[in-house]
Amino acid sequence: MTDAGPRATPRLSRSARRASLIDAAREVFVVQGYHAAVMDDIADRAGVSKPVLYQHFPSKLELYLALLNESADELLRMVRAALAASVDNHERVDNAVAAYFSFVADRGQAYRLIFESDLRGQLEVAQVVDRVTDDCISAITETITADTGADVEHARLLASGLVGLSQVGARYWMQQSPHVSRGEAIELLSTLMWRGISRFPRQVEPDRNGEPPTAS
């Protein structure tokens, strides 16, 4: 009986191949930046020919935008999950700050694609960055309005402050604070936030007689 030889490697589905190409592109774009990266390097990293790469992404910009949108969606999922993980507002603040730190530290520097892109002046890129920032603000706004009774305009302003502090603080810690542990950094920022946001009380339902609760 003759040996049939090695089996052919199964072909990836289109969605799996696309995911593989995006993973390879992330490594190249993060290290080289958009302008220095070339499609040949991305194809080599993914183990495919350049024509295969162009079948999925007709241009470098389209590939970059696909990767940017995926990274932005991941950050938003992390923030929403952090808010949903507890009904205690102090824990929610801790969780939300920790989500930004996790995105910065644990996602292969994908945060640089969003916050430090060398293509921020490109309209399509700026729209993605603005979209994820606005969506994170909206997610936190929903929690603030539900728990404090603040109107949407005031709540969004508070939420924008929380998002800005989390984003900038996490990035600064990653780049400039090598002797501060992640846990210490999260505790510092969440304590700062909580001492401010806790001044806005949780909405409490009136008692059975329709009277508001007595302040303690």
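**Helix packing and an aromatic cluster**

From the N terminus on, the elements of the chain run α-α-α-α-α-α-α-α-α. The model is predicted.

Student: How many helices and strands does the chain have?

Tutor: The chain has nine helices and zero strands. Buried residues account for 38% of its 216 residues.

Student: What makes phenylalanine 29 a buried residue?

Tutor: Its relative accessible area is 3%. Buried means under 20%, so phenylalanine 29 is buried. The residue sits in helix H1.

Student: Which residues does phenylalanine 29 touch, leaving aside its neighbours within four places in sequence?

Tutor: It is in contact with Tyr34, Ala37, Ile42, Lys60, Leu63, Tyr64, Leu67 and Leu113.

Student: Why is the pair of phenylalanine 29 and tyrosine 34 called stacked?

Tutor: A pair of aromatic rings is described by the distance of the centres and the angle of the planes. For phenylalanine 29 and tyrosine 34 these are 5.9 Å and 15°. Rings pair if their centres lie within 6.5 Å, and planes under 30 degrees apart count as stacked. Both conditions hold, so the pair is stacked. Both phenylalanine 29 and tyrosine 34 are buried.

Student: And what makes the pair of phenylalanine 29 and tyrosine 64 edge-to-face?

Tutor: The centres are 5.0 Å apart, with 90° between the planes. Planes over 60 degrees apart count as edge-to-face, so this pair is edge-to-face.

Student: Which parts of the chain does that pair tie together?

Tutor: Phenylalanine 29 is in helix H1 (residues 14-36) and tyrosine 64 is in helix H4 (residues 60-84), so the pair ties together parts that are 35 residues apart in sequence. Ring pairs link Phe29, Tyr34 and Tyr64 into a cluster. The whole structure holds four aromatic pairs.

Student: Which residues of H5 and H9 make the contact?

Tutor: Among them are Val93, Val97, Phe101 and Ala105 of H5, and Ala185, Ile186, Leu189 and Met193 of H9. The contact residues divide into 11 nonpolar, four polar and three charged.

Student: What makes H5 roughly antiparallel to H7?

Tutor: H5 and helix H7 (residues 123-148) pack at an angle of about 175°, with their axes 12 Å apart. The cut-off for roughly antiparallel is over 145, so H5 is roughly antiparallel to H7. In this contact, Asn89, Arg92 and Tyr100 in H5 meet Cys136, Thr143 and Asp147 in H7. These residues divide into two nonpolar, two polar and two charged.

Student: Over the chain, what share of the contacts with a separation of 6 or more comes from residues 24 or more positions apart?

Tutor: Such residues account for 66% of those contacts.

Technical notes. Residues are numbered from 1 along each chain as its sequence is written. This is a predicted model: local features need pLDDT of at least 70, side-chain atom pairs count only at pLDDT 80 or more; totals for chains, interfaces and linings use all residues. Side-chain values use heavy atoms; hydrogens and water are left out. Contact means heavy atoms within 4.5 Å. Helices (H or I, at least four residues) and strands (E, at least two) are DSSP runs, numbered from the N terminus. Ala, Val, Leu, Ile, Met, Phe, Trp, Tyr, Cys and Pro count as nonpolar, Asp, Glu, Lys and Arg as charged, and the others, Gly among them, as polar. Rings of Phe, Tyr and Trp (its six-membered ring) pair if their centres lie within 6.5 Å; planes under 30 degrees apart count as stacked, over 60 as edge-to-face and the rest as tilted. Buried means under 20% relative accessible area, exposed over 50%, partly exposed in between (1.4 Å probe, protein chains only). Axes are lines fitted to C-alpha atoms, for helices over the stretch in contact, and angles run from 0 to 180 degrees between N-to-C directions. Angles under 35 degrees count as roughly parallel, over 145 as roughly antiparallel, 65 to 115 as roughly perpendicular and the rest as oblique.
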